Amino acid sequence: MTNLAKYTSLRVGGPAKKVVQVSTEAQIIAAIEEAGDSPILIIGGGTNMLVSDKGFDGTVIRISNNSVQAEVDACSGATLTIGAGENWDNFVQTTIDRGYAGLETLSGIPGTVGAAPIQNIGAYGHEVAELITRVRTYDREAREIKTFTNAECGFNYRNSYFKENPGRYVVLEVQFQLRIGEFSDPITYLELAKKLGVELGDKAAVKETRAAVLELRASKGMLLSQDDHDSWSAGSFFTNPIVSQQQADQLPNAAPKWPLLDGRVKVSAAWLIENSGTHKGDEVGGARVSTKHVLALTNSGNATAADIAELAKRARNQVKEVFGITLEAEVNLVGVEI
Ligand SMILES: Cc1cc2nc3c(=O)[nH]c(=O)nc-3n(C[C@H](O)[C@H](O)[C@H](O)COP(=O)(O)OP(=O)(O)OC[C@H]3O[C@@H](n4cnc5c(N)ncnc54)[C@H](O)[C@@H]3O)c2cc1C
């Protein structure tokens, strides 16, 4: 039996009962139906999951359909329909090569196109929800194809209707609407603006924006690389907590806080972790807090899933103890509790 460690960026996880690789929509649906009522786990790139050392007692379906359909016209821009299994960053690169704008700040995020709407991936001030028009899925409960418009996807910060209904919808294809153009959307992230030498709110060349994002990501170990153990992670392990104004007011002034339209406040998980006693490079067994980015928990080489879970628990408990805020995992936990 193959260990799932082979399929995840954290490189941990025990065996699955069965693993199937599917590369067309018909194969995806056939594999789901064949599994019947037994548990299934969909894996795209495996870059946002922590799988237990015991593995997964069911069928793992690895999706690699990478169909591409494009309709382009000068008025409405490019409508691109992409198979769920396409590599996300290859897709971003292709859109830029073809002269389309919109995805540049999401450069370098690992994983597949099909997983992008699940947690509404985002980085450097933008989220994929801004550009998705439709998501075509297979509804396991109704046993039929269901296509969601953007509004029906329930997109939110690192969340969606799909994530709220785990296991029910398998993403088959995602449709994007992109602009034709050489300039980015307004740069809204200070660090990126500084890197590009522009003011906040200004635009920059799409190609330069991508290059700057890739450089920033590499400097934080947030670009997957075999040679950089800091990138043997699942990205940010925790989401930035959203708290009441009252809770936010109790935090020190130095804590980065972003007010939301609904009156609540988003707080930096990285700041909370670092200021409650967990530091870059801290280790539990083979698990290590990234030496470049405190929010990424990594495999330093021989970690088990239990080591990573223990490190996550420690960081989360310290934040709770010091600031009274409970961090939520951004990473999908498969048979693991923290
Ligand atoms: C170094 C590094 C940096 C990262 N940086 C970022 C970042 O900046 N921003 C960000 O948002 N994320 C980031 N991530 C997290 C990750 O890249 C994204 O969440 C990505 O979308 C996961 O894609 P994947 O194909 O690897 O998903 P997987 O890990 O394979 O799956 C993630 C979840 O989605 C489900 N899933 C996958 N494919 C499908 C499908 N077709 N249909 C239904 N469910 C599906 C899985 O069952 C699982 O629950 C980072 C990860 C790493 C390792």
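A nonpolar core is a set of buried Ala, Val, Leu, Ile, Met, Phe, Trp, Tyr and Cys residues joined through side-chain atoms within 4.5 Å; buried means under 20% relative accessible area, exposed over 50%, and partly exposed in between (1.4 Å probe, protein chains only). The model is predicted, so local features need pLDDT of at least 70 and side-chain atom pairs count only at pLDDT 80 or more, whereas totals for chains, interfaces and linings use all residues. Residues are numbered from 1 along each chain as its sequence is written, and side-chain values use heavy atoms, with hydrogens and water left out.

**Exercise 1. Describe the largest nonpolar core and its surroundings.**

Step 1. The largest nonpolar core has 52 residues, of which Trp88, Phe91, Leu103, Val128, Phe176 and Leu192 touch the most other members. Strand E12 gives the largest share of this core, seven residues; strands (E, at least two residues) and helices (H or I, at least four) are DSSP runs numbered from the N terminus.

Step 2. Another core, of 37 residues, lies apart from it and includes Ala255, Ala303, Ala315 and Val336.

Step 3. Leaving aside residues up to four places away in sequence, Phe91 touches Leu80, Ile82, Glu86, Leu103, Val113 and Phe176, where contact means heavy atoms within 4.5 Å.

**Exercise 2. Characterise the ligand shell.**

Step 1. There are 31 residues around the ligand, and Ile42, Gly44, Thr47, Thr112 and Arg217 come nearest; a residue is near if one of its heavy atoms lies within 4 Å.

Step 2. By class, the shell holds 16 nonpolar, 13 polar and two charged residues. Here Ala, Val, Leu, Ile, Met, Phe, Trp, Tyr, Cys and Pro count as nonpolar, Asp, Glu, Lys and Arg as charged, and the others, Gly among them, as polar.

Step 3. A ligand oxygen is 2.7 Å from a polar backbone atom of Gly44, and a ligand nitrogen is 2.8 Å from a polar backbone atom of Gly122. These are polar contacts (pairs of N or O atoms within 3.5 Å).

Step 4. The protein covers 93% of the 970 Å² of accessible area that the ligand has on its own, by the Shrake-Rupley method with a 1.4 Å probe.

Step 5. E12 gives the largest share of the shell, three residues.

**Exercise 3. Is Lys280 buried, partly exposed or exposed, and where is it found?**

Step 1. Lys280 is found in the loop between helix H7 (269-274) and strand E16 (283-284).

Step 2. Lys280 counts as partly exposed because its relative accessibility is 40%.

Key. Polar contact = N/O pair within 3.5 Å; in protein donor to acceptor, adjacent residues only side chain to side chain.
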